[in-house]
Amino acid sequence: MHTSFSLLLILSFVVSLVALAAMVWAITRGHFFGGKKAALSIFEEGETDVLDDPASVYSTRTHQFDAVRAGIDKSGRSVVLVFLSVAMFFLLVGSLYGLLSSFKLHLPDWLSQYEFLTFGRARTVHLNLVNYGWLSVASLAVVLWVIPRVFRTPLRRPRMALWGGLIWTLGLIAGALAISLGWSDGVEWLEIPWQISVFLVVGVLFVAWPVIETATHREVEHVYVSAWYFLAALLWFPLLYFIAKIPGLHFGVEQATLNWWFAHNVLGLWVTPMGIATAYYLIPKIIGKPIFSYNLSVLGFWSLALFYSQVGIHHLVGGPIPTWLVTLSIVHSIMMFVPVIAVAINQHGLMLKNMWAFKQSYTLRFIWLGALMYTLSSFQGSLEALRSINTITHFTHFTVAHAHLGAYGFISLIMMGAFYYILPHLFGRAWPKPGLIKLHFWLVVVGITIYVVFLSVGGWLQGVELLNPATSFETITRNIKPYLEWRSLGGSLMTLGHFVFAYHFLIMLKQPKAHTRGGE
């Protein structure tokens, strides 16, 4: 155990030195204090002060771009479209598994005759498909589309990125099948057998290479803040996943520590940077105005990199691990207010001054509500780390509500908005049925609201009852059932919204060219 911890501490120190060197380089090259000029670097001439949302009837733009922008988009068009399609597939399948898992919490005998549909397997498949399938693949699609734009140069090695996506997808499908058949590593967020999970590491490296090469050939001096988040996430994930999946190295308490070190970091240093970066690019682009403070956005990035890596250990409050390690995690969790507030000031400050755009653009509604959920879920997560609150919420459905507020309310809503913005630019035509966007929006927003509110209330009451020795576990279980039924209702609305989303996506793909608007 001491050898493994020493190895991790040494590795963390080395990574910190590399990060420090990167920050020094950023400061010396002027990337840290870019000012308004840096914030405007994502705009072409004529793009400011104009609503740019192909899904909005109020948009005065027909998403026509100059030859340079059109050529940049074309370089990765096919690979981005493939990634978006794969992400949509995983969203639908993962949602069905999630809905099945939800119903089994209050209908435990439903489909119990099928081993591969038992709660333990179905819920695990759901977790892996939505995290490594929907969220991760959708994020990679956004990266492959945005990075060439912010660097104003075509995507390098798109075929390599496509092979990376194929390797990742095959690995994830094989992992889901293995879990369904009962073959699992048995560690939350790391259930895919290590013999298969190597495909995910190789796949993301195949995607990261073209992105990094594109960055090295950039035609701009400044690195926009979205690119910082994207590039860092592509470096963080393979390192995190590789360390956590080394076979035969972590056991017992040490394994639990590594488990939650990874489980929180796969959210905070992988999909969270993807969501923040996407919002930092799309919110200003749609509104046509730069972010509130560019220097603050860079501060938010570096404070996330500094504080997030140790927050996961607060899941082990009260566990048989060193008290100093838990306390360190709690301190880091509270310090996360710094990057969250930095992001909030920038993104919400911009939105509050331009609420007219929120009213006119459903794409912006998805993205900004997602950004708002990031603020709420992060504040909530920091407070949950406190021992006084953790004592009540831990081992309850309150934690499940919190996880969905972040993973769904934050990242999924932003990625859905990204779909609505990117596809018309890929095809040079508007969405065929804007009414379906509105329907999709209200289904998922009402669904996640029901889900989070009822599980939060029910989970808190559950935690209070668990601390009361006079209340039997049977009573606690019966009392939580109505809240689980509301959870299933919310999940059903969200899943229905996903199928509306997929149907509209399919129509967009098959729409005849005769119905196109604008061009590239």
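Start with the aromatic cluster: ring pairs link Trp134, Tyr362, Phe366, Phe419, Tyr420, Trp431, Phe441, Trp442, Phe501 and Phe505. Keep in mind that this is a predicted model. The structure holds 33 aromatic pairs. One of them is formed by tyrosine 374 and phenylalanine 410, with 4.8 Å centre to centre and 40° between the planes, so by the definition used here, with stacked under 30 degrees and edge-to-face over 60, the pair is tilted. Tyrosine 374 sits in helix H14, residues 362-384, and phenylalanine 410 in helix H16, residues 397-427, so the pair ties together parts that are 36 residues apart in sequence. Both of these residues, tyrosine 374 and phenylalanine 410, are buried.

Now the chain as a whole. The secondary structure comes to 18 helices and 0 strands. Of the 520 residues, 57% count as buried. Among contacts with a separation of 6 or more, 84% are between residues 24 or more positions apart.

Helix H6 has 23 residues and reaches 33 Å from its first C-alpha to its last, close to the 33 Å expected at 1.5 Å a residue. After H6 comes glycine 182, with a positive phi near 95°.

Last, the surface. The accessible surface of the chain is about 21,200 Å², and carbon and sulfur atoms account for 70% of that. What makes up the nonpolar surface patch of about 400 Å²? Val453, Val457, Trp460, Leu461 and Val464 do. Of these, valine 453 lies in helix H17, residues 434-466. Its relative accessibility is 43%, so valine 453 counts as partly exposed.

How values were computed. Residues are numbered from 1 along each chain as its sequence is written. This is a predicted model: local features need pLDDT of at least 70, side-chain atom pairs count only at pLDDT 80 or more; totals for chains, interfaces and linings use all residues. Side-chain values use heavy atoms; hydrogens and water are left out. Patches are made of residues with over 30% relative accessible area and no salt bridge: like charges are joined within 9 Å, nonpolar side chains (Val, Leu, Ile, Met, Phe, Trp, Tyr) within 5 Å. Accessible areas come from the Shrake-Rupley method with a 1.4 Å probe; for residues, only the protein chains shown count as cover. A salt bridge is a side-chain nitrogen of Lys or Arg within 4 Å of a carboxyl oxygen of Asp or Glu. Helices (H or I, at least four residues) and strands (E, at least two) are DSSP runs, numbered from the N terminus. Buried means under 20% relative accessible area, exposed over 50%, partly exposed in between (1.4 Å probe, protein chains only). The expected span of a helix is 1.5 Å times one less than its number of residues. Contact means heavy atoms within 4.5 Å. Rings of Phe, Tyr and Trp (its six-membered ring) pair if their centres lie within 6.5 Å; planes under 30 degrees apart count as stacked, over 60 as edge-to-face and the rest as tilted.
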